[in-house]
Each structure stands twice: as structure tokens, then as C-alpha cells.
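Hi everyone, thanks for coming.

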Amino acid sequence: MNLNPAPADRDYAAELAEVKARVHVAESSCGRSGAGTQILVATKAWEVDAAVGAVRAGARLVGESRMQELAHKGDALRKAGAVVHVIGQLQRNKAGIAVEYASCVQTVDSLKLAERLSRLCVEAQRDLQVMIQVNVSGEDSKAGVAPEEALSLAAAVHALPALEVVGFMTIGLNSSVEADVRAGYAKLRAIRDEALISSERGKIDLSGAWQLSMGMSNDLEWAIAEGATMVRVGTAVMGDRD
Ligand SMILES: *Cc1c(COP(=O)(O)O)cnc(C)c1O
């Protein structure tokens, strides 16, 4: 584990303010003024001092990708008052670290992983929020369940003890073509909309699954235009990772 220390001259509060301004502009230019899009700061690859520095500067919501890193930073993040989400692929044998430190696991993409999380949460007598990670672009390299399977997985996961499905997450297509990237985000929104509509009709029980975690430093405007309720920002706040 080779983590980057906080650069001495980085002003996390100023960087965060810039991202907030971007989010506000994006919201108003697509008619979503005041939508309250949440900003999650992705602190992967950054040392404790950097991650805590961002939290102290106002980044209450933090995302960690690797469980080894989360085990290393978890206590300090908790002490600083951070709310931690898991945003990287989670192996079942590392699920305990997520249950120890995270309030939400955004990367649930199989029932087996969810069953493991559920069992650990019951043992720890806690509840855990989860999102269903969907591979909207269909790229082999991307984790996530296929769009056609997202709703049935969400319903099955939500039925497990101690787990609450609060929405859907995706990693967008890595492309500079706006239409292609947005098509993926629109697909995630359509899945979420179907979850809510089917819940209203009493077919399934996913009325709490309204969140859409999508968009990163480079494309958060496109994600917000497609309905993101949470963007995950690393580089733009933390700086370039080595
Ligand atoms: C690293 C990471 C981010 C942030 O990416 P940036 O391009 O640095 O903003 C967002 N989501 C996930 C899942 C990540 O792993």
C-alpha cells in the first residue's frame, strides 16, 4: 500500500468550493436548481492526513475503494466525523472491513456479496445502506450487474435482513463523447425510475431506492443533467493521484 501524503499547499476547502460551484451551475443549467446533489469525495490512494484534511475542510461524505486502505484510514475518518461509502469492488472476504467502517456499500453487484454483508450486519447488530452497481456501458472491464438484472437483484438484496437498498450506482463510460456517456447515465436513471414506479404499484418494495450515484471529476455535469443525486469526485478535490 503506497499512499500519497497531503501536499503541503493544497487548499481542500477552496477545491471543494470550486466543485460545489460546478455542481450548482450544472444543476441550474439543466433545470434542477436546488436539487441538492450530494458530493462524495473519493479519497482512494491518499494518506490519512489528506483524507482527514478533506473532511475537515467540509467533505463529510467520503468514498474509499480498497478495503486495505479503509482499514488503515477508517478510525481516523470516523474520528473526523466522516460518513464513509465503499465505492470500489468488494470481495466477500473483505466485507467485514466495510461493515466495520462504512455506512453505505455502493458496489453490490451480486446476491452472494449481499448475503455476506447481511450476515455480518446481523452479527454486528447494525443496518447497512447499499446501492446496486450497474454496468450500463456493457464494457467487460467494468464491474456491476447487467441492466436487465438490476431490478431483480435490488429487490432480492432489499429483502435480506439489515440491508436497505437506497439506490443505484454506475461508473460511466470513459469517453469524451457526451451523448455516449449520457446514454449510460440515462439507462441508470431509467432503472431507478422503474424501481420507484413498480414500488408505487405495489409490485416490489424499493420505494427508498431513489439515489443515483454517477458522475466523477471529468463528467459530473453530464451526470447531473441525467439526474444524478450524488457525484463522486476524486481528482478535482484531492489532486492527481500518483
Ligand atoms: C476514483 C473514483 C472516483 C473519482 O474519480 P476522479 O476521476 O478522480 O474524480 C469516482 N468513483 C469511483 C468508483 C472511483 O473509484
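**Around the ligand**

Let's start with Lys44: a polar atom in its side chain is 2.6 Å from an oxygen atom of the ligand. Keep in mind that this is a predicted model. Ser217 does something along those lines too, with an N or O atom of its side chain 2.5 Å from a ligand oxygen. With Gly234, the backbone is involved: one of its N or O atoms lies 2.8 Å from an oxygen atom of the ligand. On its own, the ligand would expose 380 Å², and the protein buries 89% of that.

So where does the ligand sit? It's in the largest pocket. There are 13 residues around it, and the ones that come nearest are Lys44, Ser217, Arg232, Gly234 and Thr235.

Now, two loop residues. Ser65 is found in the loop between β2 (61-64) and α3 (67-79). Is Ser65 buried or exposed? Its relative accessible area is 12%, and the cut-off for buried is under 20%, so Ser65 counts as buried. Leaving out residues up to four places away in sequence, Ser65 touches Lys44, Ile87, Gly88 and Gln89. You'll remember Lys44 from the ligand.

The other one is Gly215, in the loop between β7 (211-213) and α8 (220-225). Gly215 is buried, because its relative accessibility is 0%. Which residues does Gly215 touch, again not counting those up to four places away in sequence? They are Tyr185, Leu220, Ala223, Val231 and Arg232. And Arg232 is among the residues that come nearest to the ligand.

Terms used:
Residues are numbered from 1 along each chain as its sequence is written. This is a predicted model: local features need pLDDT of at least 70, side-chain atom pairs count only at pLDDT 80 or more; totals for chains, interfaces and linings use all residues. Side-chain values use heavy atoms; hydrogens and water are left out. Helices (H or I, at least four residues) and strands (E, at least two) are DSSP runs, numbered from the N terminus. Buried means under 20% relative accessible area, exposed over 50%, partly exposed in between (1.4 Å probe, protein chains only). Contact means heavy atoms within 4.5 Å. A residue is near a molecule or strand if one of its heavy atoms lies within 4 Å of it. A polar contact is a pair of N or O atoms within 3.5 Å; within protein, one must be able to donate a hydrogen and the other to accept it, and residues adjacent in sequence count only if both atoms are side-chain atoms. Accessible areas come from the Shrake-Rupley method with a 1.4 Å probe; for residues, only the protein chains shown count as cover. On a 1 Å grid over the protein atoms alone, a cavity is a set of points where a 1.4 Å probe fits but cannot get out, and a pocket is an open set with protein on both sides within 12 Å along at least five of seven lines; lining residues have an atom within 4 Å of a point. A molecule sits in a cavity or pocket if more than half of its atoms lie within 2 Å of its grid points.
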